Structure formats: C-alpha cells, structure tokens
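The sequence and structure come before the account itself.

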Amino acid sequence: MAEVISGRIIVDDGEVVGRVHVGDDGRIAAIEPDGLAPVDALVLPGFIDVHVHGWGGHDAMGGSEALSGMARALAARGVTSFLPTSVTASFEKLTVFADSVREWMPGAPADGAEPLGFNMEGPFLAEQKKGAHPADLLRHPEDLDDERLATFIEGLRVITIAPELRGAPALIRQLAARGVRVSLGHSAATVPESRAGYAAGAVSTTHLFNAMSGVIHRHPGLALAALLDDDVWVELIADTLQVDPDLWPLIWGLKPTDRVLLVSDAIALAGSGRTRGMLGELEVRVDGDMATLVEGGNLAGSVTALDLELRNVVRAGVPLPEAVQAAAANPAALLGLDDRGRLAVGLRADVVVLDADSFVVRGVMRAGEWIVPAQDR
C-alpha cells in the first residue's frame with residue numbers, strides 16, 4: 001500500500017518541508033513541498049552501518065539467531081542496511097563467521113536491517129596498535145594462502161589491513177581486484193607506508209585516529225595520510241569518546257563531505273543493559289557510554305548507535321545534510337550501491353523518521369514497509 005511521510009525531508013541539496021510519497025513498488029514516487037507539513041519530524045534516508053560488531057545483546061559472530069536479533073535491534077535505531085563485522089579470531093573461527101553470515105542472509109528477517117555482506121576487522125592488524133584485539137591471534141597478510149582466502153571472499157565487502165605488515169600491498173591489490181573495499185587501520189604505518197597501501201587499492205580508513213599512527217608533527221602517520229587524500233573514505237565513531245569533538249571540524253574541514261563515514265563500531269553489549277560481556281576472546285566492561293577491556297583498559301568498540309552519532313555531530317556544528325550524508329549516502333557509495341542512501345525519486349524507500357529535537361527514532365521504513373511502526377507520520 002502506498003504511503004506518505006511528512007516532515008523536514010533531507011535531500012541531496014538541502015532540506016524540503018513536505019511529503020515523501022512511497023509507491024506500491026517500495027520506491028520513492030515523489031517528493032513534494034508542502035508548507036503545512038509538520039516540522040517536528042526529520043525524514044531521512046535509512047542509515048547504513050558498515051562497521052558494527054553487535055547490538056542489543058546480539059553478537060555478529062554468534063550465528064544466525066544472533067544475527068537476526070542484531071538486525072532487528074539495529075533497525076530500531078534507524079539502521080536499514082548493515083555489515084555484520086568480525087573481530088580478530090583464528091582463521092578457522094573467521095571461516096565459521098563468514099559461512100554463518102552467508103547461510104543466514106537469504107532468510108534474514110524482513111523486519112530488521114538488511115545485511116549487505118560482512119566486514120572483517122582483523123586479523124591483519126599491527127600488534128602495537130591492536131586495540132581490543134588479542135595479540136596472539138594477529139596474522140601477517142602473507143600468512144593467508146589462496147585456499148584460505150577462497151573461504152572468505154564470497155560476501156566479504158570490507159576488510160581492515162595494516163599496510164606496513166609483510167605481504168600487505170600484495171593482499172590489498174588482490175582483494176581490491178575482486179571488489180573488496182580494503183580499509184587501512186590498526187596500524188603504526190608511516191605516511192609513505194600508508195600512501196603505499198592506498199596506492200595498492202585501499203579506499204577507506206578504519207575508525208580514524210583510533211588505533212593508528214596520527215598527526216604528530218615529527219612522526220606523522222596513517223591519520224595524516226588519510227586526511228590529506230581526497231579520494232579515500234574515513235570512518236568516524238562520533239560517540240564523543242573515541243575522538244574528541246574538538247577534532248571533528250578538522251575532519252570535516254580537510255575531507256570532502258562525500259568521504260566521511262559515520263560508523264558505530266558497536267559491540268553486543270550496546271543496547272543490552274548489561275555491563276559485562278565478551279568481545280571475541282576478550283572480556284569487556286561498560287561504564288556509562290564507554291566500553292573498555294577488563295584487562296588493560298583499552299577502548300573496546302562503542303555502545304552508541306548511528307542515530308545518536310548523527311545528533312552528536314549536528315550539535316557539534318556539522319550541517320544536518322552533511323551529517324546525514326555521512327550516515328547514509330557515503331556508506332552506500334563506499335559499497336557501490338546506487339539504490340539507497342538518499343531520498344530521491346526512484347530510489348528504494350529506506351526511510352528513518354526522527355524527532356527533530358531529540359533525534360529519537362519515530363519510525364523506520366525498509367523498501368516501502370514499516371519495520372519500526374511510524375508515529376505521527
């Protein structure tokens with residue numbers, strides 16, 4: 001049945017107060033201005049989270065039931081598409097993860113965020129920048145033979161690699177040639193090593209500033225290389241803890257607006273109400289809005305979803321259309337998707353309606369069907 005969604009509609013060139021008409025085919029049929037439409041609702045494209053380890057007590061590496069729970073829990077936060085993301089594990093466990101996502105995807109719940117494949121964060125990470133990844137399970141890219149690679153490649157959309165590791169440029173070239181988006185991260189690379197990684201085919205940067213060589217005036221590294229390369233994407237975890245908000249204007253000032261990605265990097269404890277749990281092989285505690293390893297105290301992902309990250313960056317001064325672009329259109333572009341991520345005639349009606357003041361989710365539509373019932377639309 002056709003639907004009409006009213007409010008402040010964020011489109012490519014700004015904002016329209018009016019109505020989005022959704023056709024019976026699940027696509028946007030028209031966007032029309034209407035000065036009488038309510039202005040207390042934001043009508044946005046559905047968010048796309050390309051880096052998320054879990055939500056609502058459900059772990060991306062926990063099998064089909066956990067993946068379904070995760071998809072539904074993310075939908076409640078405005079996410080309409082996502083990449084279940086692994087943490088560093090043995091090759092055997094990563095193969096099980098890949099198989100489980102591939103087997104689950106055809107029957108993934110229609111009332112949850114849609115899986116687009118999967119993301120692997122690890123094991124090709126630098127030990128000195130391992131963050132919340134177990135050192136004993138880290139590997140060099142040269143350790144991955146063709147037979148093992150074949151077990152991962154189907155459905156692999158994004159992978160993090162530290163470019164200074166042995167065999168990294170060759171693996172980056174091989175993966176890029178097969179359509180995988182390689183993201184540089186968990187790295188102590190110098191600027192030349194970082195640029196060599198991008199030149200080999202890497203196109204993105206995993207949680208900018210976190211677990212990487214930075215912008216130190218005598219020893220700059222990956223963060224600087226990423227900021228100065230207009231062609232590569234950078235992920236930002238905008239929970240206010242992972243990267244100080246005083247740095248956010250630097251990111252938006254240096255990067256083209258179509259190259260910033262909001263990601264949650266959320267873990268299974270997020271949205272669960274629990275304060276202790278596991279992230280892969282490591283125990284994590286949650287204190288307020290911060291997740292850390294029980295042993296060592298390193299930050300361990302986040303417990304913040306994209307709806308709140310969007311609110312955070314807007315309140316920090318990022319124009320709303322640019323913030324929305326970072327949560328929807330830019331992740332779609334990273335993955336080569338042209339049917340979603342924006343509100344425009346002919347695109348899929350993946351829509352999230354937020355309260356204009358609080359940014360609380362009022363309703364979520366996926367391909368023309370309400371998966372979170374809309375309020376006051």
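R259 counts as buried, at 18% relative accessibility, where buried means under 20% relative accessible area, exposed over 50%, and partly exposed in between (1.4 Å probe, protein chains only). This is a predicted model, in which local features need pLDDT of at least 70 and side-chain atom pairs count only at pLDDT 80 or more, while totals for chains, interfaces and linings use all residues. Residues are numbered from 1 along each chain as its sequence is written, and side-chain values use heavy atoms, with hydrogens and water left out.

The whole structure holds 17 salt bridges, each defined as a side-chain nitrogen of Lys or Arg within 4 Å of a carboxyl oxygen of Asp or Glu. Three of them are listed here.

| Pair | N to O distance | Accessibility of each residue |
|---|---|---|
| R259 and D258 | 3.6 Å | R259 18%, D258 35% |
| D34 and R19 | 2.7 Å | D34 18%, R19 23% |
| D111 and R72 | 2.9 Å | D111 36%, R72 41% |

D111 lies in the loop between α2 (91-104) and β9 (114-115), and R72 in helix α1 (residues 64-75), so their pair ties together parts 39 residues apart in sequence; helices (H or I, at least four residues) and strands (E, at least two) are DSSP runs, numbered from the N terminus.

Turning to the sheet, three strands in the order β16-β17-β18 form an open, antiparallel arrangement, strands being paired if DSSP finds at least two bridges between them. Because β16 (276-279) and β18 (290-293) each have a single partner strand, one side of each is left without a neighbour in the sheet.
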